[in-house]
Amino acid sequence: RSIHDRDMNWLLQSDLMIAEVTNPSLGVGYEIGRAIENNKKIICLFRENKDHQLSAMIRGANQLVCINYSSFDDLKIKIAPYLV
C-alpha cells in the first residue's frame, strides 16, 4: 500500500508523466489510466524492435503522445520538443 500511495501522490503532483512502455507492465498501465483520469499530460516511450509491438490500447489512446525511438540519442532528439 505504501508504494501505491507514494506513487499516486507523485503522479497527482506532477505536470507530466513519461512512461516507458516497450515491455508491458500492469503497474505502468494502471498509472497511465490514473494519469488519464486526472487529465495529466502523458508521453509513452517505445523502443522499436522486431520482437515487440506497442499495445493497440496505448497506440490508440488520444490522450497519449507516443514516441518510437531506436537509440538513446534518437530519443533525446524526439522528446526534446515536449520538454520545453
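## Surface and overall shape

The protein's accessible surface is about 6,100 Å², and carbon and sulfur atoms own 54% of that; areas here follow the Shrake-Rupley method with a 1.4 Å probe, and for residues only the protein chains shown count as cover. A word on provenance: this is a predicted model, in which local features need pLDDT of at least 70, side-chain atom pairs count only at pLDDT 80 or more, and totals for chains, interfaces and linings use all residues. Residues are numbered from 1 along each chain as its sequence is written, and side-chain values use heavy atoms, with hydrogens and water left out.

Along its principal axes, the C-alpha trace spans about 35 × 30 × 25 Å. A compact globule of 84 residues would have a radius of gyration near 12 Å, and the 13 Å of this protein agrees with that; the radius is taken over C-alpha atoms, and the globule rule is 2.2 Å times the number of residues to the power 0.38. As for charge, there are 10 positive and 10 negative side chains, with the centres of the two sets 1 Å apart. Lys and Arg count as positive and Asp and Glu as negative, while His and the chain ends are not counted; each charge is placed at NZ of Lys, CZ of Arg, CG of Asp or CD of Glu.

## Fold

Four helices and three strands make up the secondary structure, following the pattern α-β-α-β-α-β-α along the sequence. These elements are DSSP runs numbered from the N terminus: helices are H or I with at least four residues, strands E with at least two.

Among contacts (heavy atoms within 4.5 Å) with a separation of 6 or more, 47% join residues 24 or more positions apart.

## The cores

Buried residues make up 30% of the 84 in the protein, where buried means under 20% relative accessible area, exposed over 50%, and partly exposed in between (1.4 Å probe, protein chains only). In soluble globular proteins, nonpolar side chains tend to be buried together. The largest nonpolar core here has 14 residues, and M17, V21, I32, C44, I58 and L64 have the most contacts inside it. Elements supplying at least two residues each include α1 (2-13), β1 (16-20), α2 (26-37) and β2 (41-47), and β2 gives the largest share, three residues. Apart from this core lies another, of six residues, among them I43, I67, Y69 and I79. A nonpolar core is a set of buried Ala, Val, Leu, Ile, Met, Phe, Trp, Tyr and Cys residues joined through side-chain atoms within 4.5 Å.

C44 sits in strand β2 and is buried, at 1% relative accessible area. Leaving out residues up to four places away in sequence, C44 touches A19, V21, I32, I58, L64, V65, C66 and I67. With the same exclusion of residues up to four places away, L64 touches I32, I36, I42, C44 and I58.

## Residues worth a look

Which residue other than glycine has a positive phi, near 55 degrees? That is N39, located in the loop between α2 and β2 and exposed at 71% relative accessible area. For context, most residues other than glycine have a negative phi.

N68, in strand β3 (residues 64-69), is partly exposed at 21%. Its C-alpha lies 6.0 Å from that of E48, 20 residues apart along the chain.
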